[in-house]
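Take a look at the structure below. This report goes through it part by part, from the whole chain down to single residues.

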Amino acid sequence: RGIQLIFPPLDVHRFVKADRTRVKQVLINLLSNAIKYNRQGGTVEVSCQGSPDWLRISVKDSGPGLTPDKMTQLFQQFNRLGQERGSVEGTGIGLVVTKQLVELMGGQIDVESTVGVGSVCWFELISASAPKVAADENQTEAMAAKR
């Protein structure tokens, strides 16, 4: 469909308190929706902003956008917002599961949308310090022996 994906480079590495696999699931779902419900030749842009307390990851699309009425139905199970007869496949549970995953990791998720412009789906997770990697004893001994 000619969708351009934009991933601006990050200037600083950030860490969050979260499950790596679940964060991947959240991102895949948000990216999938941004592509599926976009327009031909549209764009999808991923961005990150943060503070010492949280990190926000946003997925912005150039699709048709959602009306305020559809926005109120967005996180309802099996509600495809009128796309049931459309060409885009889906079950209507992706965003519900995504919301549950984000909230189970202590975060929050929401969507902002403008009809005719597109939507931005974002989620925030709690910031964390860089993980400390414990070296395996055998690795430590092998590294010492090389010196």
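## The chain as a whole

Two residues are in contact when heavy atoms of theirs lie within 4.5 Å. With that in hand, look at the contacts between residues at least 6 apart in sequence: 65% of them join residues at least 24 apart. Keep in mind that this is a predicted model.

The protein chain has four helices and six strands. Read from the N terminus, the order is β-β-α-β-β-α-α-β-β-α. The chain counts 147 residues, and 31% of them are buried.

Start with helix α1, residues 20–36, and helix α3, residues 94–104. Their axes come within 10 Å of each other. They cross at roughly 150 degrees, and the crossing is left-handed.

Which residues of α1 and α3 meet? From α1 come R22, Q25, V26, N29, L30 and N33. From α3 come G94, L95, T98, L101 and V102. This contact is made of five nonpolar residues, five polar ones and one charged one.

There is a pattern to look for in helices. An α-helix has 3.6 residues a turn, so residues three or four places apart point the same way.

## What covers α3

Several residues of α3 are buried: L95, V96, T98, L101 and V102. What lies over them? The cover includes helix α1, strand β5 (108–114) and strand β6 (118–128).

After α3 comes G106. The phi angle of G106 is positive, near 85 degrees.

Now move to the loop between β2 (15–16) and α1, where A18 has its place.

A18 and V102 are 84 residues apart along the chain. Leaving out neighbours within four places in sequence, A18 touches V23, M105 and L125.

## Two residues in one loop

The loop between β3 (43–50) and β4 (54–61) holds S51. D53 lies in the loop between β3 and β4 too. Compare how they are placed.

S51 has a relative accessible area of 18%, so S51 is buried; the cut-off for buried is under 20%. Beyond residues up to four places away in sequence, S51 touches R14 and S127.

D53 has a relative accessible area of 56%, so D53 is exposed. The cut-off for exposed is over 50%. Which residues does D53 touch, once residues up to four places away in sequence are set aside? They are L125, I126 and S127. Take I126: this residue is 73 residues from D53 in sequence. From C-alpha to C-alpha, D53 and I126 are 5.9 Å apart.

## A charge over a ring

One more arrangement deserves a look. R56 lies over the face of W122. The distance from R56 to the ring centre is 3.6 Å.

What about rings paired with rings? A pair of aromatic rings is described by the distance of the centres and the angle of the planes. How many aromatic pairs are there here? The count comes to zero, with pairing taken to need ring centres within 6.5 Å.

Key: Residues numbered from 1 in each chain as written. Predicted model: local features only at pLDDT ≥ 70, side-chain atom pairs only at ≥ 80, totals over all residues. Heavy atoms only, no water. Axes fitted to C-alpha atoms, helices over the stretch in contact; angles between N-to-C directions. Left-handed = near helix turned anticlockwise from the far one by under 90°. Nonpolar A, V, L, I, M, F, W, Y, C, P; charged D, E, K, R; others polar. Phe/Tyr/Trp six-rings, centres within 6.5 Å; stacked < 30°, edge-to-face > 60°. Lys NZ or Arg CZ within 6 Å of the ring centre and 35° of its normal. Buried < 20%, exposed > 50% of the residue type's maximum accessible area, 1.4 Å probe, protein only.
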